[in-house]
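Subject: Structure for you to look at

Hello,

Here is the structure we talked about. Please open it alongside this message and follow along; my notes are below.

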Amino acid sequence: MLSHQHVDALNRFLHTTYGRERACRLVQYFSRFYVFYLTRHGAPAADIQRWTDLKNHVSNARKFFRLLKPVEFAQAGLKSLGTTDEVLRATGFLKQLGMFLYYSAEVFVLSNSVGFYRPANIKQITDFGQKAWLLGLVASLVAGLYKFQLLGIRAHILAKERTAAIQGEKGIDADLKTREVTLQREKHRATYQFVQDALDCVIPSSALGMLPVDEGFVGLVGIVTSLMCMNTQWSSVNP
C-alpha cells in the first residue's frame, strides 16, 4: 500500500535538483538503450524517432539543470588542495578539475543543441568534454584504490585489537565495535563509488572510440549508474 510516508520520501527526493536530474538521466539512458533495441529489431522509423527525440530532449533538459555546475567543482577543487594526504589531494584536485572542464564544455554543447550559438569546432569541444569527464573518473578510481589500501591497513589493526581483546580479560569494548562498524560502512561506500565510477568510464570511453561497445551496452551502463546515483541520493534525503 502506498502511504503518506512513501509519498513524503518521494517528494524529498524530487525536491532536490540532483534527484530530479538523476531521474532524467535514467530516462535518457533507457531511451538510448531502447532506440538501439528498436533499431536492432527493425521497428518502424516513427517509433525509433519518437524515442530518439525523447532521449535528445531529456539530455538537453539535464544540461540546463547543470549549467552552473562548473562553479561547484571549481570551489570543490580549491578545497581539495587543503587535503592533508598527498595522494588524496592530487586525485581529488584532478577529479574536480576534470568535472569542471567537462561541465564547462557542456555549456557549448547545449548552446549548439538548442541553436543559440553554434561553435564551428563543436566536435572538438564535445570530445574535449568527454576526455575531461574520463580524467575525473580515472582520478576517482585511483583515489578509490588508495582508499582500499588505507582501509585494509585499518582493518588489520582492528583485527589485531580484537584478537588481543578476546585473549585478554577485558573482552571487546564498545569503542572497538563502533570502529569496526564505521570501517565496514566506509568500505561499502568506497566499493559502491568505485563500481559506479568504473561503469561510468564506459560512457566517455565509448564516445571517444576507445572502447568498442554498442549503444545498447552504453545505455544499460547508464541505466545501472543512474539507479546507483538515485539510490545514494534517496538514502541521503531519507536517512
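**What was found**

Phe 30 counts as partly exposed because its relative accessibility is 37%; buried means under 20% relative accessible area, exposed over 50%, and partly exposed in between, with a 1.4 Å probe and protein chains only. This is a predicted model, in which local features need pLDDT of at least 70 and side-chain atom pairs count only at pLDDT 80 or more, while totals for chains, interfaces and linings use all residues. Residues are numbered from 1 along each chain as its sequence is written, and side-chain values use heavy atoms, with hydrogens and water left out.

Phe 30 forms a stacked aromatic pair with Tyr 34, at 5.7 Å centre to centre and 15° between the planes. Rings of Phe, Tyr and Trp (its six-membered ring) pair if their centres lie within 6.5 Å, and planes under 30 degrees apart count as stacked, over 60 as edge-to-face and the rest as tilted. The two residues, Phe 30 and Tyr 34, are four residues apart in helix α2, so about one helical turn separates them. Helices are DSSP runs of H or I with at least four residues, and strands are runs of E with at least two, numbered from the N terminus. Tyr 34 is also partly exposed, at 25% relative accessibility. The structure holds ten aromatic pairs.

Next, the nonpolar cores. The largest one has 16 residues, and Tyr 29, Met 99, Tyr 102, Tyr 103, Trp 133, Cys 201 and Ile 203 have the most contacts inside it. Such a core is a set of buried Ala, Val, Leu, Ile, Met, Phe, Trp, Tyr and Cys residues joined through side-chain atoms within 4.5 Å. At least two residues of this core come from each of α5 (86–113), α6 (122–167), α8 and α9. The largest share, five residues, is from α6. A second, separate core has five residues, including Leu 151, Leu 176, Leu 183 and Ala 190.

Tyr 102, leaving aside neighbours within four places in sequence, is in contact (heavy atoms within 4.5 Å) with Arg 66, Gly 129, Gln 130, Ala 132 and Trp 133.

Last, is Gly 209 buried or exposed? Gly 209 counts as exposed, because its relative accessibility is 62%. Gly 209 sits in the loop between α8 (202–207) and α9 (215–237).

Regards
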